[in-house]
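Student: I'd like to learn how to read a protein model, one feature at a time. Could we go through this one together?

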Amino acid sequence: MIYKKFKLSAIHNLLITKSNNKEDLNEGIVIPTNILKKTNLYNGQEVIITKIGAGNWKNRIKTFIIENKDNNDVEIRGSLVQFLKEGD
């Protein structure tokens with residue numbers, strides 16, 4: 001069986017509003033439910049984050065989506081805070 005990867009969806013100009021490096025939280029990018037529904041992305045899905053204008057080592061970061069059902073904050077967690085910050 002052959003599996004092919006392809007781009008299902010993309011979110012452009014998503015603004016990071018919070019960062020959290022607590023060890024007891026799952027690592028990933030927290031995205032509000034309303035955005036996930038519009039983009040056909042889902043909780044737990046692996047994604048690639050691209051920081052426009054960054055050097056190559058920051059330009060592509062693989063992580064996982066964590067659904068934010070509580071508010072509209074876009075939060076980065078865990079080791080991602082070394083590469084991205086609030087306002088990116």
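**Reading the model, feature by feature**

Student: Is E75 buried or exposed?

Tutor: E75 counts as buried, because its relative accessibility is 6% (buried is under 20% relative accessible area, exposed over 50%, partly exposed in between, with a 1.4 Å probe and protein chains only). Before we go on: this is a predicted model, in which local features need pLDDT of at least 70 and side-chain atom pairs count only at pLDDT 80 or more, while totals for chains, interfaces and linings use all residues. Residues are numbered from 1 along each chain as its sequence is written, and side-chain values use heavy atoms, with hydrogens and water left out.

Student: Where does E75 lie?

Tutor: E75 is part of strand β5, residues 75–77. Strands (E, at least two residues) and helices (H or I, at least four) are DSSP runs numbered from the N terminus.

Student: Which side chains make polar contacts with the side chain of E75?

Tutor: Start with the rule: a polar contact is a pair of N or O atoms within 3.5 Å; within protein, one must be able to donate a hydrogen and the other to accept it, and residues adjacent in sequence count only if both atoms are side-chain atoms. The E75 side chain has such a contact with the side chain of N20 at 3.4 Å, and another with that of R77 at 3.3 Å. For plain contact (heavy atoms within 4.5 Å), leaving out residues up to four places away in sequence, E75 touches K18, S19, N20, G28, I29 and V30.

Student: How many salt bridges does the structure hold?

Tutor: It holds 2, a salt bridge being a side-chain nitrogen of Lys or Arg within 4 Å of a carboxyl oxygen of Asp or Glu. D88 counts as partly exposed because its relative accessibility is 23%.

Student: In what order do the strands form the sheet?

Tutor: Pairing comes first here: two strands pair if DSSP finds at least two bridges between them. In this model 5 strands build an open sheet with mixed pairing, in the order β1-β5-β2-β4-β3. At the edges are β1 (18–20) and β3 (46–49); each has a single partner strand, so one side of each is left without a neighbour in the sheet. On average, neighbouring strands are turned by 35° against each other, direction ignored (axes are lines fitted to C-alpha atoms, for helices over the stretch in contact, and angles run from 0 to 180 degrees between N-to-C directions).

Student: What does mixed pairing look like strand by strand?

Tutor: Take β4, residues 61–68: it pairs with β2, residues 28–32, in the parallel sense over 4 bridges. P32 has N68 of β4 as its bridge partner. By contrast, β3 and β4 pair in the antiparallel sense, also over 4 bridges, and V47 faces T63 in β4.

Student: Which residues of β3 are on its covered face?

Tutor: V47 and I49 are on the covered face, while E46 and I48 are on the uncovered one.

Student: And how do I read a nonpolar core?

Tutor: In soluble globular proteins, nonpolar side chains tend to be buried together. A nonpolar core is a set of buried Ala, Val, Leu, Ile, Met, Phe, Trp, Tyr and Cys residues joined through side-chain atoms within 4.5 Å. The largest one here has 13 residues, and I29, I65 and I76 have the most contacts inside it. At least two residues of this core come from each of β2, β3 and β4. Beyond four places in sequence, I76 contacts residues including I16, I29, V81 and L84.

Student: What is the phi of N13?

Tutor: N13 has a positive phi of about 60°, although it is not a glycine. N13 lies in the segment before β1 and is exposed, with 80% relative accessible area. N40 has a positive phi near 60° too; it is in the loop between α1 (33–39) and β3, and counts as exposed at 56% relative accessibility.
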